[in-house]
Amino acid sequence: MTPPTAKRFPTPALDKLPEDIRTRILAVQEKSGFVPNVFLTLAYRPDEFRAFFAYHDALMEKDSGLSKAEREMIVVATSAANQCQYCVIAHGAILRIRAKNPEIADQIAVNYRKADITPRQRAMLDFAMKVSRAAEEVAETDFAALADHGFSDDDVWDIAAVAAFFALSNRLANVTGMRPNAEFYMLGRQPK
């Protein structure tokens with residue numbers, strides 16, 4: 001049985017997209033060997049596509065007190081809580097690659113509290129989950145707990161921003177019925 005998905009928002013044809021968006025999508029295809037569905041789905045609204053990926057890149061690609069793998073841990077944990085199949089599968093693949101660990105994404109998606117992660121990463125994910133699920137409850141005690149694990153104020157901002165940004169992404173993916181590309185399922189599972 002095919003799961004229900006939204007069919008309201010058509011995927012635009014690549015050759016009909018603005019040049020800057022088409023160029024970005026083709027660059028991703030060149031690097032990964034396929035076009036992740038998020039690019040084509042969000043290209044339905046070009047101005048929002050540009051804003052989304054500008055903020056994505058500002059959060060996920062910069063130098064930070066959080067490693068790129070740790071940022072992907074946040075995405076996988078909060079996306080699992082938000083029941084976003086697309087982000088759990090796609091970012092799980094990226095996490096496996098960045099962490100060089102074929103098991104970590106599945107562990108975090110199912111229950112990060114039992115995953116093979118450090119106490120520092122557990123504190124990071126505890127806070128990310130609070131931001132994702134109950135941000136109105138964030139208090140000074142949360143900041144103190146993170147400081148005890150060596151997180152700076154900028155690191156705390158990054159944890160919160162990644163969790164908040166992917167809450168937006170999770171909701172758009174679910175509303176649009178975005179499905180993970182088949183290629184994501186095996187990425188990072190086999191040692192190279």
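Me: How many aromatic pairs does a search of the whole structure find?

Reply: A pair of aromatic rings is described by the distance of the centres and the angle of the planes. In this predicted model, a search of the whole structure finds 11 aromatic pairs. One of them joins Phe9 and Tyr44, whose ring centres are 5.5 Å apart and whose planes stand at 65°, so this pair is edge-to-face.

Me: Which parts does the pair of Phe9 and Tyr44 tie together?

Reply: Phe9 belongs to the segment before α1 (19–32), while Tyr44 sits in the loop between α2 (37–42) and α3 (46–60), so the pair ties together parts that are 35 residues apart in sequence. Phe9 is partly exposed, with a relative accessibility of 36%, and Tyr44 is partly exposed, at 36% relative accessibility.

Me: What is the arrangement of the pair that Phe39 and Phe53 form, and which helices hold these two residues?

Reply: The rings of Phe39 and Phe53 are stacked, with 4.5 Å from centre to centre and 5° between the planes. Because Phe39 lies in helix α2 and Phe53 in helix α3, this pair ties together parts that are 14 residues apart in sequence.

Me: Is Phe39 buried or exposed, and is Phe53 buried or exposed?

Reply: Buried means under 20% relative accessible area. Phe39, with a relative accessible area of 8%, is therefore buried, and Phe53, at 4% relative accessibility, also counts as buried.

Me: Which residues form one aromatic cluster with Phe39 and Phe53?

Reply: Phe49, Phe52, Tyr55, Phe165 and Phe166 form one aromatic cluster together with Phe39 and Phe53.

Conventions. Residues are numbered from 1 along each chain as its sequence is written. This is a predicted model: local features need pLDDT of at least 70, side-chain atom pairs count only at pLDDT 80 or more; totals for chains, interfaces and linings use all residues. Side-chain values use heavy atoms; hydrogens and water are left out. Rings of Phe, Tyr and Trp (its six-membered ring) pair if their centres lie within 6.5 Å; planes under 30 degrees apart count as stacked, over 60 as edge-to-face and the rest as tilted. Helices (H or I, at least four residues) and strands (E, at least two) are DSSP runs, numbered from the N terminus. Buried means under 20% relative accessible area, exposed over 50%, partly exposed in between (1.4 Å probe, protein chains only).
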